[in-house]
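Subject: Structure for your files

Dear colleague,

Here is the structure I said I would pass on. My notes on it follow below.

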There are 2 protein chains.
Amino acid sequence: MKTINLQEKHSRFNTYWHPHQIAVVDDMQVLLAKVKGEFVWHSHEHEDELFQVIKGTLYMQFRDRTEVVREGEIIVVPKGVEHCPKTDEGKEVHILLFEKISTAHTGNVTHDLTQTTYPKI
Amino acid sequence: MKTINLQEKHSRFNTYWHPHQIAVVDDMQVLLAKVKGEFVWHSHEHEDELFQVIKGTLYMQFRDRTEVVREGEIIVVPKGVEHCPKTDEGKEVHILLFEKISTAHTGNVTHDLTQTTYPKI
């Protein structure tokens with residue numbers, strides 16, 4: 001029941017593509033991540049996933065097109081849909097994710113970037 | 001799977017304390033609202049509720065204290081906890097809510113401000 005400042009929380013870590021948990025809402029969690037470059041193609045069989053861009057511009061690649069998501073914008077990736085977020089080359093982007101606590105980081109694939117735990121900050 | 005711009009969505013309505021649904025994530029929904037003045041004291045027996053301030057400053061009153069929530073900040077009100085959001089007098093504040101689709105607007109109370117449906121925009 002304390003106010004959470006997103007910018008302050010983002011300042012607490014410097015790893016890329018590694019979500020940090022800042023809050024829980026019922027069986028969902030709020031994650032923050034810093035991202036740069038391209039992630040990995042994957043899907044989540046059972047869970048939708050919401051992305052909100054806090055700083056920068058995120059490109060959400062789908063197999064048939066790419067959606068541009070800027071500061072103050074959100075996008076929901078439905079369950080089962082392959083996606084691969086990326087940024088402009090060398091550009092750091094700050095994002096907030098809202099998803100089930102059960103959601104696996106890279107969904108149906110395992111990759112060097114795959115994280116199995118999200119630090120609570 | 002389309003990018004959603006929060007500011008553009010907020011521009012589509014001018015009623016206060018009436019959430020509008022902009023997205024669904026599993027059994028949760030993303031709502032936008034414009035608020036001004038004081039709401040009504042209530043609690044949600046079974047659901048947590050996340051508030052994010054998009055524009056302005058929100059005061060989340062609890063029975064024992066008030067949390068200030070500014071732009072770029074969030075607060076989660078746990079299930080069962082009485083709360084009553086308010087703004088500075090005459091000031092319009094834009095908020096995003098993240099909560100179960102089942103969450104009743106004014107929880108355990110009925111009030112002139114109570115809305116039973118949230119337009120989809």
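A salt bridge here is a side-chain nitrogen of Lys or Arg within 4 Å of a carboxyl oxygen of Asp or Glu. D26(B) forms one with K79(A), where the closest N and O atoms are 2.9 Å apart. Between chain B and chain A the count is 6 salt bridges.

On conventions: this is a predicted model, in which local features need pLDDT of at least 70 and side-chain atom pairs count only at pLDDT 80 or more, while totals for chains, interfaces and linings use all residues. Residues are numbered from 1 along each chain as its sequence is written, chains are lettered from A and ligands numbered from 1 in the order in which they are written, and side-chain values use heavy atoms, with hydrogens and water left out.

The interface

Contact (heavy atoms within 4.5 Å) links 35 residues of chain B with 36 residues of chain A. The buried area, meaning the accessible area (1.4 Å probe) that two parts lose on being put together, summed over both, is about 2,900 Å² between chain B and chain A, and carbon and sulfur atoms give 56% of that. On the chain B side, M1(B), T3(B) and D26(B) lose the most area to chain A, together 27% of what that side buries.

The nonpolar core

A nonpolar core is a set of buried Ala, Val, Leu, Ile, Met, Phe, Trp, Tyr and Cys residues joined through side-chain atoms within 4.5 Å; buried means under 20% relative accessible area (1.4 Å probe, protein chains only). The largest one has 28 residues, and V30(A), F98(A), V30(B) and F98(B) have the most contacts inside it. Strands (DSSP runs of E, at least two residues, numbered from the N terminus) that give two or more residues to this core are β2 (20–25), β3 (28–36), β7 (73–77) and β9 (92–100), in chain A and in chain B. Not counting residues up to four places away in sequence, V30(B) touches residues of both chains, among them L50(A), I74(A), I22(B) and F98(B).

E49(B)

E49(B) lies in strand β4 of chain B and is buried, with a relative accessible area of 5%. Leaving aside neighbours within four places in sequence, its contacts include V25(A), H44(B), V76(B), F98(B) and T103(B). The side chains of E49(B) and H44(B) are joined by a polar contact of 3.0 Å, that is, a pair of N or O atoms within 3.5 Å, of which, within protein, one must be able to donate a hydrogen and the other to accept it, and residues adjacent in sequence count only if both atoms are side-chain atoms.

Regards

Note on methods:
Buried < 20%, exposed > 50% of the residue type's maximum accessible area, 1.4 Å probe, protein only. Helix = DSSP H or I, 4+ residues; strand = E, 2+ residues; numbered from the N terminus.
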